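Please look at the sequence and the model below before reading on. The text then leads through the structure step by step.

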Amino acid sequence: MPKRLVKRYWGNGIQRVNDLADLFEVSPAAMSYRLDQLGVTDERQRCLRQRFVAPHHRPRGRVMA
């Protein structure tokens with residue numbers, strides 16, 4: 001199940017595991033596993049960005065007051 005084809009079908013609206021499994025002639029369990037691998041079913045991974053938080057910076061050496 002090539003990544004490009006799975007994502008193409010998914011993006012074109014074929015998002016039921018059984019329908020995709022039929023297209024690729026695999027079991028629904030295998031298709032479900034592949035979708036998990038590609039991250040297309042997990043909205044948190046695709047839609048939410050991780051916010052970068054810089055570590056607290058402490059100046060080195062002497063600090064002038």
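The paragraphs that follow describe the chain as a whole, then its helix contacts, and finally some individual residues.

This is a predicted model, in which local features need pLDDT of at least 70 and side-chain atom pairs count only at pLDDT 80 or more, while totals for chains, interfaces and linings use all residues. Residues are numbered from 1 along each chain as its sequence is written, and side-chain values use heavy atoms, with hydrogens and water left out.

The chain contains 4 helices and 0 strands; helices (H or I, at least four residues) and strands (E, at least two) are DSSP runs, numbered from the N terminus. Read from the N terminus on, the order of elements is α-α-α-α. Of the 65 residues in the chain, 17% are buried; buried means under 20% relative accessible area, exposed over 50%, and partly exposed in between, with a 1.4 Å probe and protein chains only. The chain has an accessible surface of about 6,100 Å², and carbon and sulfur atoms account for 49% of this surface. Such areas come from the Shrake-Rupley method with a 1.4 Å probe, and for residues only the protein chains shown count as cover.

How do the helices meet? Two packed helices are described by the angle between their axes and the distance between the axes. Axes are lines fitted to C-alpha atoms, for helices over the stretch in contact, and angles run from 0 to 180 degrees between N-to-C directions. The axes of H2 and helix H3 (residues 28–38) come within 8 Å and cross at roughly 105°. H2 and H3 are therefore roughly perpendicular to each other; angles under 35 degrees count as roughly parallel, over 145 as roughly antiparallel, 65 to 115 as roughly perpendicular and the rest as oblique. On the H2 side, Val17, Asn18, Leu20, Ala21 and Phe24 meet Pro28, Met31, Ser32 and Leu35 of H3, where contact means heavy atoms within 4.5 Å. This contact of H2 with H3 has 7 nonpolar, 2 polar and no charged residues. In these classes, Ala, Val, Leu, Ile, Met, Phe, Trp, Tyr, Cys and Pro count as nonpolar, Asp, Glu, Lys and Arg as charged, and the others, Gly among them, as polar.

H1 also meets H3: their axes come within 11 Å and cross at roughly 95°, so H1 and H3 are roughly perpendicular to each other. Here Lys3, Val6, Lys7 and Trp10 in H1 touch Met31, Arg34, Leu35 and Leu38 in H3. The residues of this contact of H1 with H3 divide into 5 nonpolar, no polar and 3 charged.

The chain has 1 aromatic pair; rings of Phe, Tyr and Trp (its six-membered ring) pair if their centres lie within 6.5 Å, and planes under 30 degrees apart count as stacked, over 60 as edge-to-face and the rest as tilted. Tyr9 and Phe24 form this edge-to-face pair, with 5.7 Å centre to centre and 80° between the planes. The pair links distant parts of the chain, 15 residues apart, with Tyr9 in helix H1 (residues 3–11) and Phe24 in helix H2 (residues 17–24). Tyr9 counts as partly exposed because its relative accessibility is 30%, whereas Phe24, at 17%, counts as buried.

Finally, which residue lies in the loop between H2 and H3? Glu25 is a residue of that loop, and Glu25 has a positive phi of about 55° although it is not a glycine. Most residues other than glycine have a negative phi. Glu25 counts as exposed because its relative accessibility is 74%.
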